[in-house]
Amino acid sequence: MTHPFATKQLPFFLTAPSPCPYLPGRLERKVFTKLEPGEGPQLNDALTHAGFRRSQSILYRPACEQCAACKSARIPVERFEWTRSMRRTLRRANDLVRSVRPAEATPEQYSLLSRYLDTRHAEGDMAGMDFFEFAGMIEDGAQRTDLVEYRDADGALVAAALVDELSDGYSLVYSFFEPERERDSLGSFIILDHVLRAAEAGHAHVYLGYWVQGSPKMEYKARYKPLEILEPTGWRPLTAEERETSG
């Protein structure tokens, strides 16, 4: 079947060079295009499989002139290797109840995000985000998108993840959680729960965004085995040597 956008020329744009947020001393550039209403789900699906990521209504991919360290990464669900540590992470969060909601921002979600950013990313680009900016992050460009909430036994919102559903899996767009429960490894819990959620839905993959060899910010993704990364020739497993040098 031919995608509806296959017969039209998509406009792509290139950003100016800027400091790389992952590898010191390097510059990054991105190529990007905009999702249009109506054709967005199919375009989001196709370009995610080609190594793009979604941020609101923009789909982008690294296009650095002297570096190709950023690799799209995904977990193959059926072959996922559960460790004892991962099972402990699930048990520590066994009081949480998952609910899948439409991608619509709420003040409760924004309050949780604000606490998360203040504690974990006070110097980051998202620090100081107001509610309207948060609503744009959640709602703009949503393409078969859910806001997955996790609540404790008292009904309090403890964690949340913005997730796109693709033809073959879930793409984790952004997640945040209660900083007071940081020792419960809720960031890892969200990923592990989406491995379970993908298996429940019969999906093959969980997409984690980019893995960047040598970046401490991204080394955690190499803990998930097997992990597949995207090369120009297609998807391949991350090697043991790459895991050892990650971060």
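Q: How many salt bridges are counted between domain 1 and domain 2?
A: This is a predicted model, where local features need pLDDT of at least 70, side-chain atom pairs count only at pLDDT 80 or more, and totals for chains, interfaces and linings use all residues. Residues are numbered from 1 along each chain as its sequence is written, and side-chain values use heavy atoms, leaving out hydrogens and water. A salt bridge puts a side-chain nitrogen of Lys or Arg within 4 Å of a carboxyl oxygen of Asp or Glu. Between domain 1 and domain 2 the count is two.

Q: Which residue's side chain meets that of R144 in a salt bridge?
A: The N to O distance is 3.2 Å. The partner of R144 is D45.

Q: Where does the chain divide into domains?
A: The bounds come from an automatic or database domain assignment. They give domain 1 (13-70) and domain 2 (82-203).

Q: How many residues of domain 2 are in contact with domain 1?
A: Contact means heavy atoms within 4.5 Å. Domain 1 brings 11 residues. Domain 2 brings 16.

Q: What area is buried between domain 1 and domain 2?
A: Buried area is the accessible area (1.4 Å probe) that two parts lose on being put together, summed over both. Carbon and sulfur atoms give 40% of it here. The total is about 1100 Å².
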